[in-house]
Every structure is written in structure tokens, then in C-alpha cells.
Amino acid sequence: MPKTEQIPGTAPDVGHPIAVVAERTGLSRDVLRAWERRYRAVDPSRTAGGQRLYSDHDIERFKLLAAATGRGRSISLVAGYSTAQLVQVIAEDAAASPAPEAPEGSSRIQEVVDGALHAIRALDGDGLDGVLRRAMAGLGIAVVLEEVVPQVMHAVGNGWVDGTMTIAQEHLASATSVSLILESVRTLRPDPKAPRLLAATPSGEPHSVGAVLAVGIAALEGWAVTYLGPGLPAAEWANAARSLDAQVIAVSVVAPTDPARVVAELGLLRAALAPSVTVAVGGGGIARVAEAFEIPGVIRCESLADLRTLLARVADR
């Protein structure tokens with residue numbers, strides 16, 4: 001990221017936590033993190049304990065980036081602009097057309113979710129792909145992974161249960177989301193020495209979106225990732241982990257056809273791995289395999305945020 005010049009009236013040496021930045025910019029913490037980590041929009045300082053501190057200059061820069069993306073420009077492009085360039089393109093856009101009515105925060109996410117569900121109900125795969133791509137450009141990949149896709153798939157799952165969604169619509173939603181997330185992950189280039197995460201679903205678990213979301217989160221955190229697909233037996237997990245020297249195995253469980261078999265497979269997997277390898281299990285169906293968490297070394301992840309915390313701990317170790 002190019003070094004940005006000081007904006008008159010600001011004090012770059014004053015540090016603010018991310019909560020203050022979110023309050024002052026109107027951007028969610030997820031968006032702020034994504035713009036910093038994925039696009040290197042700012043370069044915050046850190047405390048001795050590792051907490052990020054953002055300057056007044058960083059806050060003003062986030063505001064400018066929000067204004068530029070709010071008019072349709074891609075964050076992947078404008079994140080590399082200097083402050084002067086941002087001011088210029090915002091002025092040019094303002095002169096060319098009136099400012100659009102752009103909802104912020106949770107309302108923006110809800111708008112994307114509603115658009116995605118509309119496309120799914122219409123069996124419009126291209127439309128769904130477009131909704132998610134625009135959300136990635138405007139909100140950041142992290143927000144789409146942690147907020148948009150989980151909300152969409154939860155709504156689709158509920159719709160399937162109550163009869164308002166069909167199996168075809170669920171399959172379209174899953175296939176489109178998985179394809180786009182994996183495509184986005186391939187654009188991220190981890191450090192050659194980055195730790196590796198493997199993700200898949202166990203035997204008898206056909207739903208793959210959760211595993212792919214885990215891959216996306218790990219990639220955003222700088223990990224090397226490998227997605228092995230749905231329905232993988234324990235022996236195959238173990239062979240792949242040894243071959244690729246993986247540090248974390250991410251197992252997604254949503255609607256297992258045989259929960260007892262999944263628990264047994266997780267036990268076999270854990271026994272076949274080195275003690276240093278972490279087995280993380282998450283997804284909407286983890287309550288059905290609760291016995292697995294009595295196995296030493298099998299970690300329960302209630303959310304993608306839990307997975308991110310686990311990855312940070314393993315990487316530090």
C-alpha cells in the first residue's frame with residue numbers, strides 16, 4: 001500500500017481502537033478488517049500487546065474509501081490510491097452524478113441477503129453470482145463470508161424445512177456460493193511458509209458450504225488452504241494432512257445422515273494425526289455430534305469468529 005500523506009487537521013500519532021473507527025466511519029468492524037488485511041488500505045500501528053491502533057489519518061482515509069466505493073468503485077482498485085487521488089475521484093464522481101442512496105452497516109448486509117434470496121427463488125444462478133460479487137467489492141470478502149453467505153444459507157435451510165424453498169433452490173445457492181468463494185480464495189497468495197488448513201465434510205455429510213467458508217476465513221488470515229470436498233473418510237483426511245503437513249483440519253457438520261458414524265470418524269481421524277495437529281469441528285449440526293468434543297484434541301467452533309481465534313492461536317504457537 002502506498003504511504004498516504006497527512007490530511008490537514010489530523011493527528012496521525014493518536015491511536016484509536018477499531019470500535020472507535022467503526023463508530024466514526026459508519027463501517028462495520030468486519031469491513032474495516034477486510035479493507036486493512038485483504039486490501040492494505042491502511043497500515044495501523046500496534047500496542048505492545050498486538051492490538052491495532054488507527055490514527056485520525058486512517059479514519060479519514062476509511063471515510064474517503066467508503067465514499068468512493070459507495071459510488072460503485074471497487075475497493076480492490078481504490079485501496080491503492082493516495083489520499084489526493086481518492087479526493088479527486090470522489091469529486092469527479094460527485095460531479096458526474098448525484099450521490100446514490102447507499103444503506104450502511106447491517107442494512108447494507110440485509111439488502112444483499114434479500115437480493116441473494118430473490119435470485120435463489122428465481123433459480124437465477126448468474127443473478128446470485130452477481131449479487132455476491134458486488135457485495136465482495138463493496139463490503140469486502142470477509143463480510144460476505146461471515147455475514148452474507150451464512151445468513152443466506154440459514155434462510156434457505158429454513159425455507160426447505162417449511163416448504164418455501166425447494167431442493168433445487170438449495171443446491172443452486174450452495175453451488176454458486178461454493179464456486180465463488182473458492183474462486184476468490186485462489187486470488188489470495190499466502191506466504192510460502194504459511195501454515196496450512198485442510199477442510200472438508202465427513203462421510204455422510206453432503207453440505208459443503210461450511211467447509212468452504214472455513215477455507216475462505218483461513219485464506220484471509222494468511223493461511224495456505226486446501227479444500228478436499230464433501231464426504232471424506234477419516235483415513236483420507238489423515239493421509240492428506242500428513243502429505244501436506246497441515247496444522248489444522250476444519251470439519252463442517254450441518255446435517256449428518258449418521259451422527260454416530262461422524263463421531264467415530266472424528267475419533268479415528270484424531271488418533272491418526274500427530275498431537276500437534278488441531279481438529280476443529282463447526283457447523284449447524286455440531287450439537288448432533290456433541291460426543292466428539294469429549295475426544296482430546298477435537299475442538300468445537302461455534303462460529304467463524306471462533307475459527308479465526310483458533311487459527312491465530314495455532315499460528316502464534
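**Cavities, pocket and helix packing**

Helix 2 (residues 29-37) gives the most to the lining of the largest cavity, with three residues. The model described here is predicted. The lining of this cavity consists of Arg-33, Ala-34, Arg-37, Arg-38, Ala-142, Leu-220, Glu-221 and Arg-308. By class, three of the lining residues are nonpolar, none is polar and five are charged. The space inside the largest cavity comes to about 50 Å³. In total, three cavities of 30 Å³ or more were counted.

The largest pocket has a volume of about 1,100 Å³. Its lining is made up of 39 residues, and those nearest the centre of the pocket are Gly-210, Ser-252, Val-254, Gly-283 and Gly-284. At least two lining residues come from each of helix 8 (141-162), helix 9 (167-186), helix 10, strand 5 (248-252), strand 6 (278-282) and helix 13. Helix 8 gives the most to the lining of the largest pocket, with eight residues. Sorted by class, the lining of the largest pocket holds 22 nonpolar, 14 polar and three charged residues.

Helix 10 and helix 13, which both supply residues to the lining of the largest pocket, also pack against each other. Two packed helices are described by the angle between their axes and the distance between the axes. For helix 10 (residues 209-220) and helix 13 (residues 304-316), the angle is about 45° and the axes lie 10 Å apart. The crossing of the two helices is right-handed. On the side of helix 10, the contact involves Leu-213, Ala-214, Ile-217 and Ala-218; on the side of helix 13, it involves Leu-304, Leu-307, Arg-308 and Leu-311. This contact has seven nonpolar residues, no polar residues and one charged residue. Arg-308, part of the contact between helix 10 and helix 13, is also one of the residues lining the largest cavity.

Arg-40, although not a glycine, has a positive phi of about 55°. Arg-40 sits in the loop between helix 2 and strand 1 (45-46). Asp-245, likewise a residue other than glycine, has a positive phi near 55°. Asp-245 is placed in the loop between helix 11 (234-244) and strand 5.

How values were computed
Residues numbered from 1 in each chain as written. Predicted model: local features only at pLDDT ≥ 70, side-chain atom pairs only at ≥ 80, totals over all residues. Heavy atoms only, no water. Axes fitted to C-alpha atoms, helices over the stretch in contact; angles between N-to-C directions. Helix = DSSP H or I, 4+ residues; strand = E, 2+ residues; numbered from the N terminus. Left-handed = near helix turned anticlockwise from the far one by under 90°. Contact = heavy atoms within 4.5 Å. Nonpolar A, V, L, I, M, F, W, Y, C, P; charged D, E, K, R; others polar. 1 Å grid on protein atoms, 1.4 Å probe; cavity = no way out; pocket = protein on both sides within 12 Å on 5 of 7 lines; lining within 4 Å. Points joined across faces, edges and corners; volume = space filled by probe spheres on them.
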